[in-house]
Each structure stands twice: as structure tokens, then as C-alpha cells.
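Welcome! Here is a short tour of one protein chain, written for someone meeting it today. Please take a look at the sequence and structure below before reading on.

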Amino acid sequence: MSRSYAVETSDLTRRFGDFLAVDRVTLQVEAGEVFGFLGPNGSGKTTTIRMLCGLISPSGGRGQVLGFDIGRESEAIKARIGYMSQKFSLYPDLRVSENLAFYADVYGVGRSERTARIAELVTMAGLTGRERELTANLSGGWKQRLALACAIVHRPQMLFLDEPTGGVDPEARRAFWELIYNLAHQGVTVFVTTHYMDEAEHCNRIGLMYGGRLVALDTPVGLKRSVIDGAVLEIEGMPQDHVRTLVAAHAGVSEVAPHGARLHAIVDDAALRAPQLTALLTAAGIEGGRVEAIDPSLEDVFVTLVGQQVVGEGSG
Ligand SMILES: Nc1ncnc2c1ncn2[C@@H]1O[C@H](COP(=O)(O)OP(=O)(O)OP(=O)(O)O)[C@@H](O)[C@H]1O
Ligand SMILES: [Mg+2]
């Protein structure tokens with residue numbers, strides 16, 4: 001394996017007993033990339049990250065992080081990465097500055113450097129004025145930023161963030177992503193899992209996990225091009241179940257899925273199918289029927305990809 005990638009795996013596999021949690025995952029993440037790691041619950045994201053961070057050992061395959069072998073050189077990896085786990089642990093009964101000092105200690109940040117580094121992180125995380133607040137009293141968004149600050153106290157070259165924005169409001173998510181981009185601009189490689197499509201959209205590249213396997217790996221634009229074979233129509237009309245059944249049965253429609261109050265249908269030819277479907281809804285007496293061609297979103301990509309996997313499982 002070459003040393004130019006921040007992460008490089010080959011057939012990385014992890015079993016728990018008979019259960020295959022991660023199944024021959026091969027991927028590369030370039031240095032400086034913001035890499036989004038997506039997939040349904042239980043698809044193996046956290047297990048992969050825990051192997052890459054040297055916290056659990058692979059059952060098979062190989063992996064390198066920052067040029068170090070995840071099996072043999074996990075200590076070298078741990079010293080160079082930051083990891084914000086899915087259930088990250090801050091000490092609730094410590095003050096903001098005390099949590100930072102604790103992690104500085106854990107990561108071996110020298111005493112001479114510590115005070116300046118903590119001050120820098122407080123500013124970065126926007127926690128100025130809250131240094132003496134008890135961590136337990138911080139809102140979710142502040143806690144998340146403090147957890148990020150703790151994860152980078154030792155200036156890691158690479159950052160693993162496992163669902164860092166779960167459960168925080170949109171404004172806090174936006175602020176958190178600003179911090180991620182700033183780190184990426186400074187050359188830090190970021191490997192981040194998320195269930196939010198707007199966040200995935202802003203990653204340089206995305207890997208999609210399904211059932212322990214990596215089923216897609218590309219840029220957001222590349223995924224849309226390669227996965228969506230045709231065009232996307234947005235369809236309104238009530239009752240939605242009835243509309244969905246009608247649309248799914250129509251010629252040229254390959255996939256129909258709800259996106260909030262609307263349906264998205266993947267069709268072979270938008271200019272041809274949109275008027276046909278409009279007429280179909282009108283003829284069926286659908287209330288508020290409307291059909292419009294839209295650009296595919298990443299959500300369309302994932303619905304399609306996951307749909308293909310489910311079909312594959314059914315036939316396999
Ligand atoms: N220590 C363990 N022992 C047994 N099974 C485990 C263990 N850790 C994870 N698993 C199983 O492995 C599968 C993958 O789990 P993992 O946590 O990697 O998924 P995930 O993609 O991170 O999901 P989520 O989006 O819910 O965080 C799940 O079915 C999980 O139950
Ligand atoms: Mg997880």
C-alpha cells in the first residue's frame with residue numbers, strides 16, 4: 001500500500017461471532033479530504049471507524065491510517081488522530097476548561113503549551129465566556145463543539161467524527177460544519193459519518209455502507225450522475241399512498257419514494273413522463289396533483305442505491 005493516502009483499506013472485515021459487521025471494505029481517503037461515511041443504522045460505519053482508530057482489530061483484510069498499519073501500529077495512529085465517538089464522553093461535572101485540560105493531559109500536550117492551546121480551542125469553538133461553565137449545563141450544540149475541541153487538543157492530522165451532529169439544531173449543525181471546513185483548510189483529513197443529506201452534500205467524497213459492504217464511493221456529483229439513470233420528478237397529490245401506487249405502475253418509472261410530503265419518482269425521460277403523470281393524476285381525481293422535474297438530490301441517490309441492494313438481496 002502507498003503512503004500518500006490518509007486512509008487506505010483493502011478487504012477490511014470485522015465479524016462479531018457469526019455476524020459480519022464489516023464485509024471486505026476497500027477504500028482510500030486522500031489527505032486533506034472531507035470524507036462522508038453514510039449508511040443506514042447498523043451498516044457498519046462505527047465498526048469501520050473503530051478499526052481505523054485502532055480500537056478494535058480487524059477479522060480480516062488490511063488497513064493503514066496516515067501510513068501506519070491499523071493492526072501493528074495502532075499506538076502511532078492514536079497519537080496522530082482525533083476521534084469523536086458516536087456517544088462521545090465529556091465529563092459533565094467538569095467545567096469547560098477542565099474538560100479541555102483533561103484531554104490535553106490524556107493526549108500528552110506539554111505543560112508549556114497547554115494554556116495557550118486551551119485558550120485557542122475555546123476561541124475556535126466559540127466558547128469564550130463559558131470556560132467556567134459546568135459542561136452538564138451546556139446545550140447540545142455547545143457540548144458538541146467542546147467535544148470537537150477536546151478531540152483536536154493535540155493537533156491531529158486526521159479526525160474521525162462519528163455522527164457528530166446527531167440531535168442538534170440546524171444552526172448548531174451549520175456552526176459545527178464551519179469548524180470542520182476550517183480544519184480541512186488547515187490540511188486536516190476529516191472522516192465523518194452523518195445521516196444528514198445536506199451535510200453529505202458538502203463532503204468531497206462519500207462512501208455508502210449497506211449491510212457491512214461499501215456499495216458506492218464517489219463525489220456527490222459523481223454519485224448523482226452514475227446512480228440516477230434518468231431524471232427525477234417531484235410529485236404532489238393526496239392521498240399519497242394512492243398517488244404512489246399509480247405512479248409506480250406507470251411506464252418509464254423505476255423508483256418512487258416519499259420525500260416528506262412529496263414523492264420523488266425516477267423516470268427515464270422527464271419531458272415525456274411529466275405530462276403523462278399529470279394527466280394520470282387528473283384522470284384519477286387526485287387532489288392537488290402536481291408533477292415537476294427537479295435536480296436529483298443525494299437522498300434520491302441513496303434511496304435508489306439502497307433499493308438496488310434490497311432487490312439484490314431478494315434475488316440472491
Ligand atoms: N461489539 C459488538 N458485538 C456484536 N455486534 C456488534 C458489536 N458492535 C457492533 N455490532 C453490530 O454490528 C453491526 C454494525 O454496527 P455499527 O455500530 O458499526 O453500525 P453503524 O453503521 O455505525 O450504525 P448507526 O448508524 O446506528 O450508528 C450492527 O448490527 C451491530 O449490532
Ligand atoms: Mg454508528
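## The largest pocket

How much space lies in the largest pocket? About 320 Å³ of space lies there, in a model that is predicted. On a 1 Å grid over the protein atoms alone, a pocket is an open set of points with protein on both sides within 12 Å along at least five of seven lines, a cavity is a set of points where a 1.4 Å probe fits but cannot get out, and lining residues have an atom within 4 Å of a point. Points are joined across faces, edges and corners, and a volume is the space filled by probe spheres set on them.

The lining of the largest pocket consists of 17 residues, and those nearest its centre are Tyr83, Met84, Ser85, Tyr103 and Tyr107. Two or more lining residues come from each of β6 (81–84), α3 (96–106) and α5 (140–151). β6 gives the most, with 4 residues. Helices (H or I, at least four residues) and strands (E, at least two) are DSSP runs numbered from the N terminus. Sorted by class, this lining holds 13 nonpolar, 3 polar and 1 charged residues. Here Ala, Val, Leu, Ile, Met, Phe, Trp, Tyr, Cys and Pro count as nonpolar, Asp, Glu, Lys and Arg as charged, and the others, Gly among them, as polar.

## How the model is described

Residues are numbered from 1 along each chain as its sequence is written, while chains are lettered from A and ligands numbered from 1 in the order in which they are written. In this predicted model, local features need pLDDT of at least 70, side-chain atom pairs count only at pLDDT 80 or more, and totals for chains, interfaces and linings use all residues; side-chain values use heavy atoms, with hydrogens and water left out.

## The chain as a whole

The chain has 11 helices and 14 strands. Along the principal axes, its C-alpha atoms fill a box of roughly 75 × 45 × 35 Å. Of the 316 residues, 47% are buried (buried means under 20% relative accessible area, exposed over 50%, partly exposed in between, with a 1.4 Å probe and protein chains only).

The accessible surface of the chain is about 14700 Å², and carbon and sulfur atoms account for 50% of that area (by the Shrake-Rupley method with a 1.4 Å probe; for residues, only the protein chains shown count as cover). Among contacts with a separation of 6 or more, 69% are between residues 24 or more positions apart (contact means heavy atoms within 4.5 Å).

Thr46 is partly exposed at 25% relative accessible area, and Gln86 is partly exposed at 32%.

α4 (111–124) and α6 (170–185) each supply at least two lining residues, and the largest share, 4 residues, comes from α4. By class, there are 7 nonpolar, 2 polar and 3 charged residues.

Glu255, His264 and Asp300 are among the residues that line it. β12 (253–259), β13 (262–267) and α11 (298–315) each give two or more residues to this lining, which divides into 3 nonpolar, 3 polar and 2 charged.

## Two residues to look up

Is Ser43 buried or exposed? Ser43 is buried, with a relative accessible area of 2%. Ser43 is found in the loop between β3 (34–38) and α1. Setting aside residues up to four places away in sequence, Ser43 touches Ala21, Met209, Tyr210, Gly211 and Gly212.

Ile294 lies in strand β14 (residues 287–294) and is partly exposed at 22%. Beyond neighbours within four places in sequence, Ile294 is in contact with Val232, Glu234 and His264.
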